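Open your viewer and get ready to select residues.

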Amino acid sequence: MNGDKRMSHQLRSPSRLMWLLACAAALGAVLSGSVQDREWLAGDSHIHSHWSTGYDRSVSPPRPIKGRDAFYSTPRNAAMARQFGLRWMVTTDHGGPNHSELNLTQAYRELTLSRQLVPEVLQFYGMELNMPGMDHHTLIIPQTDGESMVLYDIETRFDANEDWALPQDPTRSSEGRRNSALQHMQALEALPLLFANHPSRSARAIGRYGRDEPWELRANNDLAPEIYRGMEGAPGHQAATLSVSNDGRERSRAFRGRYQNQGAHTLGGFDQMTAIVGGLWDTLLGEGRRFWIVASSDSHFHYADAARPGSDFWPGEFHKTYVYARSTYEDVLDGLRQGRVFVVAGDLVSELDVTARADPGGRAELGEVLSVGRGGEVDVTIRFRDPVALNRGGQDPSVRRVDLIVGDVNGRGSDQDADRNASTRVVGRFGPDAWVRDGEHYLIETTLPGADVDRYIRVRGTNTEDVEPPMDEPGENPWLDLWFYSNPIFLDAI
């Protein structure tokens, strides 16, 4: 009894209380250390290898022809990714007739070898899924002991081009099969990720979409919100305008990203769904959706390859998707899922920290939510690193302007094809006179006035003088037109 009383007295004494608080703080620091160890890790979510095959359809089942649709081995891709500063990548070979068997028995074996040969780069197993009823999608499988069978099962059952029997099953390209695929993935123990690739490449004009329509993006996100998480804001094939054909003529009629349809080209190298302020991406964010953007190489054939010049940069040579994460498969995948991401072209920036703060001490970063008292101001800090170094285009580009973009979150409406958020606007355009410089880092601080509605903020920047990114012209040099985009922070009015 006396011992219990002495212990109770010690716990209540000020010195003892301070000691316990110090211990708790130390324990908290240990527990949160893994979070503090996060850093910006550059990667590429869309890379093809020679396992993206062609097919001899004169036999049944069709015989795959390695290296026909893409040329390089997985270890070669990983080595080039390492050379261009990437810390993670995803193998995303095309599916096709019975390709799941090839993936399981050969491509996966090469991936495991590549992980041993290039351990500096985290190499996710995935594929470019022929999404039933839609265009291509990047599918990222969590790194587990059973990852090869997880992908085999998904590809066998749901890839629209897997079927080789005649007559082919028309339901493989149906909305119902797509819904079944998403439900199957949602039930897995370790959840994969899906991003729509080059979503407007088949569009016919601004706002006239093709194989990926707004209602489909919404329906997929509604059905599997933790899996269907976004789209390529900046597609690959950005070197299409630099490639030289076999007869030595420059492809002066080619467009960045191979967005060839008249009136539906990229804008500053970005897809129209992302690049238009108040466009489809802002509409989805204005519905409160956690819907992120990534950028990729979509590498098949390098544009300067003498054997077969293509439309592509090496992984990391032009586009980078930065994830704020520890260098583990689990945390990179979590960063992609939670939106701790920014994307950049041409190494314009290599770090981008955006922080929102509101009294009484709330704080949020990219992908997070900040609770703000109604009518309360929000302090926004933008910190970016403009590296003093030549990029792979032989230039040292400088950021000329950073834009802060704000939109209202009004919830989900009845129009499933809506693609305009009228509330979204650029509230600040910051040039060098608004920055505080600290070596290669620059700091911008501003305050948003109070509001009574939920909002989100996002950031973009450029090396150009364009107020808004213009539609890209044929044959233009992508190295001269560089942009970066952050994913959003949500501001919830309480």
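In which sense do strands S8 and S9 pair, and over how many bridges? Select residues 228–234 for S8 and 292–295 for S9. The two strands pair in the parallel sense, over 4 bridges. (Strands are DSSP runs of E, at least two residues, and helices are runs of H or I, at least four, numbered from the N terminus; two strands pair if DSSP finds at least two bridges between them.)

A word on the model: it is predicted, with local features needing pLDDT of at least 70, side-chain atom pairs counting only at pLDDT 80 or more, and totals for chains, interfaces and linings using all residues. Residues are numbered from 1 along each chain as its sequence is written, and side-chain values use heavy atoms, leaving out hydrogens and water.

Now click Gly230; its bridge partner in S9 is Trp292. Show the S9 side chains. Trp292 and Val294 point one way, Ile293 and Ala295 the other, and all are buried (under 20% relative accessible area; exposed is over 50%, partly exposed in between; 1.4 Å probe, protein chains only).

Next, the rings. The structure holds 18 aromatic pairs (Phe, Tyr or Trp rings, six-membered for Trp, with centres within 6.5 Å; planes under 30 degrees apart are stacked, over 60 edge-to-face, the rest tilted). Select Tyr108 and Tyr125: this pair is tilted, 4.8 Å centre to centre, with 55° between the planes. Tyr108 is in helix H4 and Tyr125 in strand S5, 17 residues apart. Tyr125 counts as buried because its relative accessibility is 2%.

Last, select Trp40, Tyr322, Tyr324 and Phe342. They form one aromatic cluster.
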